[in-house]
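Q: Could you take me through the aromatic contacts in this one? I'd like to go step by step.
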Amino acid sequence: MKESNQTETVLREIISHFQVDTDIVPYGEGHINDTYLADSTPYKYILQKINHHIFQDPDRLMENIVAVTDYLRKVIEKEGGDPDRETLTVIKTKDGKNLYRSETGDYYRMYIFVDRTKVYQMVENQDQFYHAAKAFGKFQKQLSDFDAGKLVETIPQFHNTCSRFEQLKAAIQENKAGRIDEVLPEIEFALAHENEISVIVDALEKQEIPLRVTHNDTKLNNVLFDEDSGEAICVIDLDTVMPGSLLYDYGDSIRFGASSGAEDEQDLSKIYCDLNLFETFTKGFLEELSDSITPKEVELLPFSAKLMTYECGIRFLADYLNGDTYFKVHYPGQNLDRCRTQFKLVADMEEKMTQMKQIVKKYYNR
Ligand code: ADP
Ligand code: GN1
Ligand code: MG
């Protein structure tokens, strides 16, 4: 994709405020921020325009990220790892800030590009997903003693499925984009699951499961794989690192990575929850966290996969009804396609719940 000359000029101006001098091209497949690769080999950087409609306090957001990555650097060094490759490194602006605010009011940040790594939009083999599980499990372990009080909630109630349900109801009520008649079966499916939406929220509130520092957006494309070893070495996209539940990270990983197809696959006959992938991820995740995970969390693992998938589905549906204002879309019905794959996965997981529970038991037998 080639940026227009005008955008190129703007980006060149933006980059002149950081301590680097390079060319820039659009990069990656995230749904939220605008990402660019700034390449002046051998030095490469990631430049990102932060979506400040979603992240409304970019300064505090960057304070979170700097606090978390500084902490991780020390842990990684102690463990004998390479912090430049195993966590994100923020590049400051020339005047020593974590962000550059452009004249148009946009916020830009820069990271070291972790070179000789790969990102996958879909799992290509079991081994990859096993390594992703280890990476997300390890990430949580490395942050287990991090003072959660230092973190702001960058998006309040991010994984509160009850709030998400209310947002869907408001979207249905308002019908802003006039699309309600197209999505009646999806609305019916969403509303029929109301009795389950509070399970994790309630367990947290009653302290049946602990609040931890979690990533909250554990998609496969938010982890970088080393090109040589094939191992998942660096967890990225740290915008949503906040106090949360381990179940969010596990559930969201399964939602995306254990699906047999792409998030926006239109042929729903191709979409199901792959139990081999489910098992592989569960194994890797529990290997990393077996010392700290609680029995109640273990009990809720299979359900969390279903609930996180459902939650994402209702978010896509609400965004479709609102006129695609949150998630980036590349064609008009993409959010609806995404919603449908998520609901197909939920229905499939419902059928496979007994097997999913058996698999979890196999890797946690205390
Ligand atoms: P979004 O919030 O929009 O998902 P991400 O932070 O996940 O944005 O970045 C989008 C993509 O850019 C990632 O999936 C990955 O391919 C790439 N990327 C981001 N940061 C780095 C980095 N430091 N090194 C290498 N690639 C990166
Ligand atoms: C967004 O930024 P990205 O593409 O990694 C979203 C996640 C959703 C995901 C669905 C901040 O993730 O919550 O699960 O899309 N991130 C935010 O693919 O809303
Ligand atoms: Mg991302």
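Q: First off, is Tyr27 buried, exposed or partly exposed?
A: This is a predicted model, in which local features need pLDDT of at least 70, side-chain atom pairs count only at pLDDT 80 or more, and totals for chains, interfaces and linings use all residues. Side-chain values use heavy atoms, with hydrogens and water left out, and residues are numbered from 1 along each chain as its sequence is written. Tyr27 is partly exposed, with a relative accessible area of 38% (buried means under 20%, exposed over 50%, partly exposed in between, with a 1.4 Å probe and protein chains only).

Q: And how many aromatic pairs are there?
A: The whole structure holds 12 aromatic pairs, a pair being rings of Phe, Tyr or Trp (its six-membered ring) with centres within 6.5 Å, called stacked if the planes are under 30 degrees apart, edge-to-face if over 60 and tilted for the rest. In one of them, Tyr27 and Phe113 have ring centres 5.6 Å apart and planes at 80°, so this pair is edge-to-face.

Q: What about Phe113, buried or exposed?
A: Phe113 is buried, at a relative accessible area of 13%.

Q: Changing topic, how are the rings of Phe281 and Phe285 arranged?
A: Their planes are at 25° and their centres 5.6 Å apart, so Phe281 and Phe285 are stacked. Both residues are buried, and together with Phe129, Tyr250 and Phe278 they form one aromatic cluster.

Q: Which ring does Arg179 lie over?
A: Arg179 lies over the face of Tyr320, at 4.2 Å from the ring centre; the criterion is NZ of Lys or CZ of Arg within 6 Å of the ring centre and within 35 degrees of the ring normal.

Notes. Chains are lettered from A and ligands numbered from 1 in the order in which they are written.
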